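Here is a short note to read with the model open beside you. Take the points in order, and find each residue on screen as you go.

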Amino acid sequence: MPWHYPPGMLSVDAPPVDDDELDLRAYLTVLRHRWKLIALVAVVAVAAALGLSLRQDALYRAESELLIRQSDSATIIGNTPIINANDAARRLNNEVRFFESGAVRNAVAAVYDGPLDPESVHASVASDTSDIVNVHLTAADPDAAAELVNLYADTFLEVRRQQRTDELLAVGEEIQTKIDDLDARIVEIRQPLTDLEAQAAADPEDEALAAQRDDLAAQLAGQIAPLENQRTFYEGQIEDLELSADITRSSGAQVLTVAEAPDTPVSPKPVRDAAIALILGLVLGVGVAFLVDTLDERIRSVSDLEQVTGGLPTLALIPEVEKGHDDAFVAVRDDAKSVQAEAFRSLRTAVKFAALDRPIKVIQLTSPSQGEGKTTAVANLAVALAQGGDRVAVVCCDLRRPRLQERFGVELTPGLTDVLVGDASLVDALRRYDTNVLVLPAGSPPPNPSELLSSSKAAAVIKALAEEFDVVLIDSPPVLPVTDALVVSRVVDATIIMVDGRSTARKAVKRTLQLLAQVNAPVLGVALNGLPPGGQSGYGYGYGYGYGDSHGYEKKGRKPAYSDGST
């Protein structure tokens, strides 16, 4: 059964931790762990932006300003209407649309003979509170850009004036038609009076005819007077239209600022592009970092490990060993003050603490897959236990790929397999590594490792060692590739699973626990191996409490608790 802390051992209530604080820590952990990826994405973005920016040709922007007066033919006829802000903005936008219309562009193309395309000239409203239109063109040739902008603005004004004049003249023709219609009606109504006037002129002595003429004139006056008043009004409109046409020919819109050849390019701007790319690259890098972190199935933290193992104790956090050491390097012996050695001593303490609850003499160290540090952990744990005064036997049950003999610097044969098949005695196969550490290597490669390990003779060898030594450490094969570790778990008191934070996948740990549970393996806990120095990447804590000048022991004449100097 999996080992748990003794009752009452964790009776102190821990203060509740806010979920938001945990989430923030998780986010910061991802950023700290993936900062190189974020930096790489940002650098690539900046490099790409600079590359594109420096490869582009310099472009210059020529600009001109036009003042557009808000008037049309509707404001000429009758009283001038009040133009609100929305109506004014709409009319100004219509002017911009007309500026970029085909009629104006065709007119410009008819008079322009240069290297640029008139289609590239554009206009925009300067602001909502003015009647100014900006005319602009971006091109590689600043002189040609300024020339085309000025020509385009002049052509637009000419086309616009001609259009406004034609509109006014068209309105005038409509009014003149109405005047002609009024004249025809007046003539038609006065026709009887005109006939009487002709008769009266022919016979001026006829008083009766003159009186009849006067009576008819009085009768027709009520009909003719409104028509004549209306005709007079239309004649006044004709005069106003002629005046407006003269004004339109000379004004209506004008150039406020003439375009000049610019000296400074508007693009490319490497510094601006790099700054924008840096910001976007950092945002993209953070997104990529969280995506990669989400897709990363490795065990990256103690919390990840505990979620996968269902709260199984994490016995030790073991930093990765620095490169440059040979196969026989044992941190607890060769570098006793290192963080790696301290981590393995923490593992020793966890094992000793577990033995207070139940007898633990035979301990199996295994892992989900190959290369997760179980052999290194066996060697260091053996030396740490020996330094604490225990007599330790180390047995290599990894009969397929034995590495324990390299770690301890002993010969491969004779070993366990030779003892099991009767080619050597247990006493001859055991090699002394240290005063309190004896090693039983794997021995000659067998054709049937699983059958050999499941034999009663293998169990008898382990039992004999357990009777002779304080602790028996077994270096087992990984669980997932072969069944050897499951077979060995029948004869051990505890199984420690080594998990490498650099490579072990969560599903591998889950499957390992499932297989061990099927054979009722006594799983003691998990040791997380291969952590970056200092406990980075969100693995909970570092190893900042190091060794000083030993004020507590040498200066006061006291001795450390263990022969290696640890407490």
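Is Asp-141 buried, partly exposed or exposed?

1. Asp-141 is partly exposed, because its relative accessible area is 35%. The cut-offs are simple: buried means under 20% relative accessible area, exposed means over 50%, and partly exposed is in between, using a 1.4 Å probe and protein chains only. You will find Asp-141 in the loop between strand 3 (132-139) and helix 5 (142-202). Ala-62 is 79 residues away from Asp-141 in sequence, yet their C-alpha atoms are 9.8 Å apart in space.

2. A word on what you are looking at: this is a predicted model, in which local features need pLDDT of at least 70 and side-chain atom pairs count only at pLDDT 80 or more, while totals for chains, interfaces and linings use all residues. Residues are numbered from 1 along each chain as its sequence is written, and side-chain values use heavy atoms, with hydrogens and water left out.

3. Now the overall picture. The chain has 18 helices and twelve strands; helices (H or I, at least four residues) and strands (E, at least two) are DSSP runs, numbered from the N terminus. Of the 567 residues in the chain, 43% are buried. Contact means heavy atoms within 4.5 Å. Taking contacts between residues at least 6 apart in sequence, 79% join residues at least 24 apart.

4. Helix 2 (residues 35-55) packs on helix 7 (residues 270-295) at an angle of about 150 degrees, and their axes are 7 Å apart. Helix 2 is therefore roughly antiparallel to helix 7. Here axes are lines fitted to C-alpha atoms, for helices over the stretch in contact, and angles run from 0 to 180 degrees between N-to-C directions. Angles under 35 degrees count as roughly parallel, over 145 as roughly antiparallel, 65 to 115 as roughly perpendicular and the rest as oblique. The crossing of helix 2 and helix 7 is right-handed; that word applies if the near helix is turned clockwise from the far one by less than a right angle, and left-handed if anticlockwise. By class, this contact has 19 nonpolar, three polar and one charged residues. Ala, Val, Leu, Ile, Met, Phe, Trp, Tyr, Cys and Pro count as nonpolar, Asp, Glu, Lys and Arg as charged, and the others, Gly among them, as polar.

5. What angle do helix 8 and helix 18 make? The axes of helix 8 (residues 302-309) and helix 18 (residues 506-518) cross at roughly 40 degrees and come within 9 Å. That makes helix 8 oblique to helix 18, and their crossing is right-handed. On the helix 8 side the contact uses Asp-304, Val-308 and Thr-309, which meet Arg-506, Val-509, Lys-510 and Leu-513 in helix 18. By class, the contact has three nonpolar, one polar and three charged residues.

6. Thr-504 sits in the loop between strand 11 and helix 18. Thr-504 counts as buried because its relative accessibility is 2%. Leaving out residues up to four places away in sequence, Thr-504 touches Glu-297, Arg-298, Ile-299, Pro-368, Glu-372, Val-499 and Val-509.

7. Please look at helix 10 (residues 339-355) too. Its 17 residues reach 25 Å from first C-alpha to last, close to the 24 Å expected at 1.5 Å a residue; the expected span is 1.5 Å times one less than the number of residues. Its buried residues include Phe-344, Leu-347 and Val-351. Among the elements that cover the buried residues of helix 10 are strand 5 (314-319), strand 6 (362-366) and helix 11 (374-387).

8. Some backbone details deserve a look. Most residues other than glycine have a negative phi, and most peptide bonds are trans. Ser-267 and Pro-268 are joined by a cis peptide bond, with omega about 0 degrees. Another cis peptide bond joins Thr-413 and Pro-414, with omega about -5 degrees. Asn-520, in the loop between helix 18 and strand 12, has a positive phi near 60 degrees. Asn-520 counts as exposed because its relative accessibility is 63%.
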